[in-house]
Amino acid sequence: MKNFISLHDVENVQELVQEGLKQKQNPFADQKLGKNKTIGLLFFNPSLRTRLSTQKAAQNLGMNVMIMNVGQDSWQLEMDDDVIMNGDKAEHVKEAAAVIGSYCDIVAVRAFAGLQDRDADYREIVIEKFRQYAGVPIVNLESATRHPCQSLADLITIEEFKKTARPKIVLTWLPHFKPLPQAVANSFAEWVNMTDYEFVITHPEGYDLSSQFAGNTKVIYNQDEALKGADFVYGKNWSSYTQYGQVLTQDPSWMITKQKMDLTNNGLFMHCLPVRRNLKVTDEVLDNQSVVVQQAANREWSAQAVLKAILSGL
Ligand code: AN0
Ligand code: CP
């Protein structure tokens with residue numbers, strides 16, 4: 001694999017899921033693969049899971065790891081071309097990406113959506129600039145529109161916990177007071193649409209995801225109706241795509257409760273984390289009917305499968 005920026009970089013999703021499960025069984029089997037190879041992890045935004053799981057995965061493969069919080073530990077980077085750099089950004093991404101690439105065999109980048117300018121976010125400016133100028137493979141650690149490392153871990157988790165060959169999966173919008181990116185929901189929809197699982201999306205009016213990601217997925221605007229018979233309830237808040245970056249409602253009736261879970265087929269609650277308890281989902285559901293910790297643990301194996309595939313092609 002050359003890059004891991006989106007699902008489109010993956011030749012065979014099922015094989016990558018199986019590779020993740022294989023790495024989980026035997027984490028140090030490929031320690032020689034990454035020997036004397038270096039990965040740079042660049043964070044434009046905070047992270048707990050992505051940062052630690054990717055570092056751990058790289059180390060399991062024998063790699064050296066360098067981590068930088070861009071703009072905090074380093075100079076702030078200018079992304080636009082043809083600008084007079086007389087503001088607060090001291091360095092252009094052209095030089096920065098090329099220099100970082102010269103120290104690394106793989107560069108991994110987290111850069112969230114700004115949620116101000118839909119066109120700019122959906123053009124994926126930051127990750128595309130790194131692809132253009134770093135000169136080495138790029139891994140997406142959540143970009144403006146996608147979070148593929150998360151989605152791979154999600155599919156690994158579903159593979160582990162599913163009780164039937166074709167489980168019903170419901171992606172449900174959850175309430176929140178702050179605008180959040182669509183990336184996790186976009187990617188989840190994109191990846192689940194690669195499987196033959198039954199898949200339904202539910203959200204209030206005005207929260208339709210970009211058709212680029214939702215495709216022809218059935219959307220049901222009544223959450224209770226959508227949840228009926230679900231094997232997995234994948235919760236996430238996202239801000240509006242159509243009224244870009246806006247919070248259109250905070251309707252608390254969309255929070256996942258025990259009563260909501262009772263509508264499912266003894267379903268399991270999933271969330272990428274971090275999650276705000278009793279705002280998006282109740283304590284009761286998180287503590288008794290969820291696999292969120294197992295899901296987060298699988299981020300290590302998701303990252304390891306991805307890094308192995310890239311290292312194998314170097
Ligand atoms: C981020 C998001 O919604 O994209 C990261 C999730 C992995 N979440 C928050 O900012 C709370
Ligand atoms: N799920 C996830 O990406 O978590 P972090 O933002 O903590 O990395």
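Student: What makes the contact of lysine 24 with glutamate 160 a salt bridge?

Tutor: In this predicted model, the closest N and O atoms of lysine 24 and glutamate 160 are 2.7 Å apart. A salt bridge requires a side-chain nitrogen of Lys or Arg within 4 Å of a carboxyl oxygen of Asp or Glu. The pair therefore qualifies as a salt bridge. Lysine 24 belongs to helix H1 and glutamate 160 to helix H6 (residues 148-161), and the two are 136 residues apart, so the pair links distant parts of the chain.

Student: Why is lysine 24 called partly exposed?

Tutor: The relative accessible area of lysine 24 is 30%. Buried means under 20% and exposed means over 50%, with partly exposed in between. Lysine 24 is therefore partly exposed.

Student: How many salt bridges does a search of the whole structure find?

Tutor: The search finds 16 salt bridges. One of them is formed by the side chains of lysine 308 and glutamate 19, at 3.1 Å from N to O. This pair also links distant parts of the chain, with lysine 308 in helix H12 (residues 292-312) and glutamate 19 in helix H1 (residues 13-25), 289 residues apart. Lysine 308 and glutamate 19 are both buried.

Student: What makes the contact of glutamate 190 and arginine 146 a salt bridge, and which parts does the pair tie together?

Tutor: The side chains of glutamate 190 and arginine 146 meet at 2.8 Å, N to O. The cut-off is within 4 Å, so the contact counts as a salt bridge. Glutamate 190 lies in helix H7 (residues 183-192), whereas arginine 146 lies in the loop between strand S6 (138-140) and H6, so the pair ties together parts that are 44 residues apart in sequence.

Student: Why are glutamate 190 and arginine 146 called buried?

Tutor: Glutamate 190 has a relative accessible area of 8%, and arginine 146 has one of 11%. Buried means under 20%, so both residues count as buried.

Student: Which residues do salt bridges with shared partners join into one network?

Tutor: The network consists of Glu19, Lys22, Asp30 and Lys308.

Student: How do you know that H7 is mostly covered?

Tutor: In H7, 10 of its 10 residues are buried. Among them are Ala183, Phe188, Glu190 and Trp191.

Student: Is leucine 273 buried or exposed?

Tutor: Leucine 273 has 17% relative accessibility, and the limit for buried is under 20%, so leucine 273 counts as buried.

Student: Which value describes phi of leucine 115, and where is this residue?

Tutor: Phi of leucine 115 is near 60 degrees, a positive value in a residue other than glycine. Leucine 115 is found in the loop between strand S5 (106-110) and helix H4 (118-122). Its relative accessible area is 12%, so leucine 115 is buried.

Student: How many cavities of 30 Å³ or more does the structure hold, and which residues line the largest cavity?

Tutor: The structure holds 1 cavity of 30 Å³ or more. The largest cavity has a volume of about 50 Å³. Its lining includes Phe161, Lys162, Asp231 and Leu268, and the lining residues divide into 4 nonpolar, 3 polar and 3 charged.

Student: Why is serine 47 called partly exposed?

Tutor: Serine 47 has 25% relative accessibility, which falls between the limits of 20% and 50%, so serine 47 counts as partly exposed. Serine 47 is found in the loop between strand S1 (38-43) and helix H2 (49-60).

Note on methods
Residues are numbered from 1 along each chain as its sequence is written. Chains are lettered from A and ligands numbered from 1 in the order in which they are written. This is a predicted model: local features need pLDDT of at least 70, side-chain atom pairs count only at pLDDT 80 or more; totals for chains, interfaces and linings use all residues. Side-chain values use heavy atoms; hydrogens and water are left out. On a 1 Å grid over the protein atoms alone, a cavity is a set of points where a 1.4 Å probe fits but cannot get out, and a pocket is an open set with protein on both sides within 12 Å along at least five of seven lines; lining residues have an atom within 4 Å of a point. Grid points are joined across faces, edges and corners, and a volume is the space filled by probe spheres set on the points. Ala, Val, Leu, Ile, Met, Phe, Trp, Tyr, Cys and Pro count as nonpolar, Asp, Glu, Lys and Arg as charged, and the others, Gly among them, as polar. Helices (H or I, at least four residues) and strands (E, at least two) are DSSP runs, numbered from the N terminus. Buried means under 20% relative accessible area, exposed over 50%, partly exposed in between (1.4 Å probe, protein chains only).
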